[in-house]
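Please open the structure in the viewer and display it as a cartoon.

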Amino acid sequence: MENTRKKRSNPLGRYNRLVPSTDTEKFWQIEYEYCPYSKYKTVWTCNYGCILISQRKYDAERCIYQLVIWKPESSKVINLPPLNLKPKQIIVAGALLSPPGNPGSMVMLFEEYLRYIICYSFDDKQWTKRWIGKEIADIGHVKDDTEDIISQQCITYCDGKLYASTDAEGYLMVIEENRFNKNLKLRPLNCKLPTPFSRCQNISRHLLDFCGQLCWVEVSWGGVNAEDIIDIDVLKLELSGNIKKWVKVKSPEDGAIFLSNNYAFSCPVNEPEVEGGHIYLFQRKRFYKVNFTDKSLSASLPLQNLSEWGNSPFLAMRDLIRLCNQQGKPEYPISKLEDSNEARVNNFGDLPSDILGFIAKKLYGVDYHNFRLVCHKFRLVAPCIKWSEALLKLQSTSFSPWLVFRKGNSCATHYFMDPHSCSICLIKIPEFFLHGQVRYSKDGWLLICSRTVMFFYHPFTNNRIELPEGVGARVQNRCLGYGLSSSPSSEDSVLVGHTFDFIYYFSRREGQWIQYYFPDLDGFKPNHNSPIYFDGAFYFLGRDGKVAVFRRDDDQVSWKILKELESPCESYCSNYLLECGGNLVSVFVVEQMVHIYKLNFTEPMTWEKVKSLENHALFVSPSSCFSVIPKLSDMENKVYFRKLYGKDIVYYCLSTDKFYTCGKKEVVADFHNTTEFLYSTWIEPR
């Protein structure tokens with residue numbers, strides 16, 4: 001029987017469209033639409049409500065690209081003439097300079113193998129090619145014109161100009177059209193992209209227009225499966241006369257950034273579904289939302305039933321993809337008393353001063369601090385005290401560890417959250433802290449690192465211990481993790497940091513940094529977590545669950561992988577190492593479970609399953625892990641994480657094998673739809 005169905009002029013494929021979900025547990029909702037080309041498809045850019053898509057085919061003598069411009073709102077498809085290239089020629093980037101139909105509208109493609117710019121002019125209706133190898137070499141300051149190309153993810157249209165950069169050294173240029181002969185010209189800007197300062201091997205970088213400014217976004221991926229966002233930076237190019245410099249973007253509340261595989265874009269925030277000052281990106285079936293001021297991170301549940309299009313759905317402008325966290329922005333109360341109505345606060349304040357003073361004497365730590373915030377009368381009966389005095393007072397009723405993080409646009413204020421009550425104490429940080437990040441914590445001390453300095457700071461006593469410049473100052477932000485043998489105030493303390501090839505060793509007694517080179521760490525796969533000092537050596541837990549030991553006795557240095565010790569857990573999303581009750585303990589986090597093991601050093605060494613922590617509690621994060629015996633019995637036998645569900649810290653209870661929130665004791669299915677601050681850490685008030 002003859003097939004009477006009309007053949008489509010353009011093959012259609014299904015793509016994933018994401019819209020706000022009315023179900024807050026799902027976070028995102030998937031819908032499906034159809035778009036041109038279902039095989040070998042690549043989305044190159046999204047601009048002006050248009051999406052540039054290509055399909056690639058091969059034969060023995062050529063590579064054929066078929067490109068279309070698709071307008072999903074009107075379902076209009078503009079077919080471009082086939083582009084014939086040699087078999088090894090590959091398109092690596094594309095740009096749409098203005099909407100189709102506008103005078104001078106043009107599609108520009110960048111070819112990698114022979115280094116051509118290929119343009120299609122809607123006025124001339126034809127493809128033109130221009131070789132740019134020599135110009136790229138001149139701009140990139142390389143001797144051989146075969147050594148450099150245009151960087152794939154560093155092409156963007158901003159303020160009426162097309163910006164690009166060289167791949168080898170990141171030299172910026174503007175690609176412009178000569179208005180007389182319409183030839184393309186590559187004009188150098190005598191400026192480079194920001195110097196990468198990531199401690200990760202897996203990094204995604206994008207150049208884009210953000211609210212009319214040329215901006216640079218760098219996302220560092222790490223963790224067990226390279227699926228965790230370790231750090232994120234957003235910089236803008238600032239021009240002052242002939243001086244060009246990159247500076248951090250501050251208070252970017254009027255726009256949001258979207259990152260896709262081949263391109264990036266921003267849009268103004270004029271709808272509640274998209275939060276200003278945030279970056280939205282997709283990785284391994286999850287959407288991430290990152291506040292790039294305080295570096296707080298939220299992740300969606302894994303998106304199921306995605307149509308297969310490369311590695312991910314593509315991102316388009318907000319009329320095509322709408323992202324929404326229906327829970328809205330989390331609000332962190334300074335004090336629970338603020339939630340009380342005015343009448344109750346006034347009645348409580350009418351109590352006699354001697355009774356209020358008696359109440360104040362029974363309060364400790366965060367509760368005492370928040371008591372003083374209520375009003376002037378409360379401050380009179382509860383005078384300000386030094387933290388050192390408070391700590392002496394609390395010898396019999398000691399603090400539990402606190403979660404430290406920075407929230408919002410203020411760099412001068414840090415939040416200290418009590419994991420038991422989820423109360424928050426605000427502590428102002430000295431000016432020298434403002435440009436650094438917390439990288440490690442031990443015995444009440446915070447290790448602060450920036451690009452130029454490194455020091456220990458004690459927020460409760462306001463003491464500071466400087467670390468010398470030298471090899472450490474050049475690598476402090478590239479170390480994956482740090483570990484201390486003892487309190488940094490001790491003369492015998494030793495600080496160790498590690499990268500993928502080096503162990504950096506600092507002894508306070510010797511007063512200098514020493515680096516030890518172990519090529520590829522002898523096959524060890526380091527993770528972005530802290531080593532633990534145990535029985536005279538530093539122990540490291542790798543991404544694959546393997547353990548390595550670094551030991552230095554006098555001038556004898558050794559690095560050993562415990563190859564006979566197998567990982568106790570096969571599949572997990574994060575792992576940690578710490579000391580608990582005189583044992584070396586590992587923590588492995590699966591999607592909905594936490595597994596704990598202790599190391600049996602009897603040959604052959606093995607991991608033994610821990611079913612109960614008894615009277616201990618564990619506090620884990622990439623930058624600090626330790627165990628304590630809490631004074632409050634309802635904190636025992638639990639593992640506390642640096643993740644927040646709404647306003648509450650999330651912990652795991654070994655008695656029930658479930659995740660809960662600290663304040664409301666709600667059951668949490670897993671870590672999805674939680675928020676964490678990338679440089680948050682646990683600190684022991686001492």
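The stops that follow concern a predicted model.

**The whole chain**

Begin with the entire chain selected. The chain contains seven helices and 51 strands. Of its 686 residues, 55% are buried. Among contacts with a separation of 6 or more, 48% are between residues 24 or more positions apart. If the surface is now displayed, its accessible area is about 32100 Å², and carbon and sulfur atoms account for 47% of that area.

**A four-stranded sheet**

Next, select strands E12, E13, E14 and E15. These four strands form an open sheet in the order E12-E13-E14-E15, with antiparallel pairing. Strand E12 (156-158) and strand E15 (184-192) lie at the edges; each has a single partner strand, so one side of each has no neighbour in the sheet. On average, neighbouring strands of this sheet are turned by 35° against each other, direction ignored.

Which residue of E13 is the bridge partner of Cys 158? The partner is Lys 161.

**Helix H3**

Finally, select helix H3 (residues 353-361) and show its side chains. Leu 356, Gly 357 and Ala 360 are buried in this helix. These residues lie on the same side of H3, because they cover an arc of only 100° around the axis.

Key. Residues numbered from 1 in each chain as written. Predicted model: local features only at pLDDT ≥ 70, side-chain atom pairs only at ≥ 80, totals over all residues. Heavy atoms only, no water. Helix = DSSP H or I, 4+ residues; strand = E, 2+ residues; numbered from the N terminus. Buried < 20%, exposed > 50% of the residue type's maximum accessible area, 1.4 Å probe, protein only. Contact = heavy atoms within 4.5 Å. Areas by Shrake-Rupley, 256 points an atom, 1.4 Å probe, with all protein chains shown as cover. Pairing = 2+ DSSP bridges. Axes fitted to C-alpha atoms, helices over the stretch in contact; angles between N-to-C directions. Arc of directions from axis to C-beta.
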